[in-house]
Amino acid sequence: MNGVMVAGAGPAGLMLAAELALAGIEVTVVDRLPRRSPICRGFTLNPRSLEILDRRGIADRFLAEGPTVPYAMFTDPRRPLDLGAMDTDHPYMLGIPQTRVEELLEEWLAELGVTVRWGHEVVGFEEDDDGVTVTVAADGTPERARVDHLVGCDGSRSTVRKLAGIGFPGTPPGKFGVLADVEPADPSALPFGAVQGEHGTAFVIPRPGYVRIILDEPDPPADRDAPVRLDYFQKLLDATLGRRVDLTAPRWLTRFSDAARQADRYVAGRIVLAGDAAHIHPPAGALGVNVALADAVNLGWKLAATVRGHAPSGLLDSYHRERHEAGARVLRTTRAQALLGPGGDPGLDPVRDLFGDLAELPSVGRHLAETMTGVNTRYDPGIPGTHPWLGRLTPNLDLTVDGRRTSVAELLRPARPLFLTSGMRALPDLPAGSGGGSVDVHRVDAPHNGLEGLLIRPDGHTAWVSTAADPQPDHTLVTALTTWFASV
């Protein structure tokens, strides 16, 4: 076993490396940058990400960093979605810079014994039946490393994806926007939020010591890769507002688009993709970091089992199946948000109004909130059943195990499969060496609502559930075990 190399030390790469380290897999993380970039692309962790982090025992580190708000904007800032209507124990968005998210993840990874090798860039690889030989350049000097799998978490222009020849189809840019991290000369001249001007809307987001201003570009740029200069942004802001607001102290200016693309394969032999390397989408909803974390937690335990050699047939392929489908939903949702957001095509105004009316209906608002945040993500469990938990993230139940108060989240911190039983059900015997013995078993003293047995994947999703009111036959438990955990 040669372990795994992860290319890219962003949220996907760091979270994946931690998941692999928890599983006892040797992991190397490389990043082409000499040090972490100070540029902050996003400022939000959503409820699903906080649920994920809570199930690894580190959510409090992130919650200590910023404010939480119990609402989110889907399209109309005047009609925010109530996150309190969702079925989650974190019904809020956390305001935290992406740079700080990455720092906290890197600190946690170091606690697990893994450090990032900055200034190391993947420049080539050779794959064979037994592994991957990766060429990494550091200060212009090539090094070769032998690993079991190579994972590209190296961003939207992923070198790993391109070297692997993985397609990246999707929709090209239809409209463009620009953003600037700047300081208004007169802060009172530019209020926070959606500022309606004579010819469009400026979104103004407060940051410590500066603001982030986001504008639509009325015409496609002649060169989409050309740097955005302050004088250009100033002219565009003045035209949007119909008045002058002087800007100073530029920190970062960039251009973005509504392009939406998705890798046609997340798994290609021993090469795997996650995060922005696997998908890009419009920035609506601030989902990038959050989708990356979800990719990593879905992939980590499956890749670890594959490297150890006792993964059930097709387990790693299920990462592509589950997260490609989830990614497609993200692309669809963010494209809808981009089309229906303020400042878009005036011809869609009637649709915007109707959509806003529908979003105010409690059931519709909850559905949109759960879709936007990924809280309603459900994976096909591969077995029959109608229980509402099946395939979804298991609720963070308060439990009593052997006389000790605990919770589902606490029991999932080791990132291992979990079986909870009231004593009515037991794990069936599986062949020695099949991997079935890797499931942690706990007897629950006070069953929740007639719970007889509950099988939970390491990523927290329910693989099997049986209750007194809806008992499941034993053969379905065997199917769940052999589908996800036992190579029989």
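Select Trp301 and Trp484 to begin: Trp301 is buried, and Trp484 is buried as well, where buried stands for under 20% relative accessible area, exposed for over 50%, and partly exposed for what lies in between, with a 1.4 Å probe and protein chains only. The model on the screen is predicted, so local features need pLDDT of at least 70 and side-chain atom pairs count only at pLDDT 80 or more, while totals for chains, interfaces and linings use all residues. Residues are numbered from 1 along each chain as its sequence is written, and side-chain values use heavy atoms, with hydrogens and water left out.

**Aromatic rings**

The whole structure holds 5 aromatic pairs, a pair being two rings of Phe, Tyr or Trp (for Trp, its six-membered ring) with centres within 6.5 Å, called stacked if the planes are under 30 degrees apart, edge-to-face if over 60, and tilted for the rest. One of these to display is Tyr266 with Tyr319, which is tilted because the ring centres are 5.8 Å apart and the planes stand at 50°. Tyr266 lies in the loop between β19 (260–262) and β20 (267–268), whereas Tyr319 belongs to helix α8 (residues 315–340), so that the pair links distant parts of the chain, 53 residues apart; the helices (H or I, at least four residues) and strands (E, at least two) named on this tour are DSSP runs, numbered from the N terminus. Tyr266 and Tyr319 are both buried.

Going back to Trp301 and Trp484, their rings form a tilted pair, 6.3 Å centre to centre and with 55° between the planes. This pair also links distant parts of the chain, with Trp301 in helix α7 (residues 288–308) and Trp484 in helix α12 (residues 474–484), 183 residues apart.

Which residue lies over the face of Trp484? Arg457 does, at 4.5 Å from the ring centre, a charge being counted over a ring if NZ of Lys or CZ of Arg is within 6 Å of the ring centre and within 35 degrees of the ring normal.

**Salt bridges**

Side chains of opposite charge can pair when their charged atoms come close. The structure holds 32 salt bridges, each one a side-chain nitrogen of Lys or Arg within 4 Å of a carboxyl oxygen of Asp or Glu. Show Glu19 and Arg56, whose side chains meet in a salt bridge of 2.7 Å, N to O. Glu19 is in helix α1 (residues 11–22) and Arg56 in the loop between α2 (47–54) and α3 (59–63), 37 residues apart. Glu19 is counted as buried because its relative accessibility is 3%, and Arg56, with a relative accessible area of 6%, is buried too.

Next, select Arg36 and Glu102, which form a salt bridge at 2.8 Å, N to O; Arg36 sits in the loop between β2 (27–31) and β3, and Glu102 in helix α4 (residues 98–111), 66 residues apart. Then move to Glu65 and Arg100, joined by a salt bridge at 3.1 Å, N to O. Because Glu65 lies in the loop between α3 and β4 and Arg100 in helix α4, this pair ties together parts that are 35 residues apart in sequence. Glu65, Arg100, Glu103 and Glu107 are linked in a network of salt bridges.

**Loops with a positive phi**

Most residues other than glycine have a negative phi. Asp139, although not a glycine, has a positive phi of about 55°, and its place is the loop between β10 (131–138) and β11 (141–147). Is Asp139 buried or exposed? Its relative accessible area is 81%, and therefore Asp139 is exposed.

Ala415, likewise not a glycine, has a positive phi of about 60° and lies in the loop between α11 (408–411) and β25 (418–421). Ala415 counts as buried because its relative accessibility is 12%. Pro414 is in the loop between α11 and β25, and Pro414 and Glu19 are 9.2 Å apart in space, C-alpha to C-alpha, although 395 residues apart in sequence.

Finally, colour the open sheet of 3 strands, which has the order β3-β7-β4 and antiparallel pairing, two strands being paired if DSSP finds at least two bridges between them. Its edge strands are β3 (44–45) and β4 (68–69), each of which pairs on one side only. Within this sheet, Val69 stands opposite Met93 in β7.
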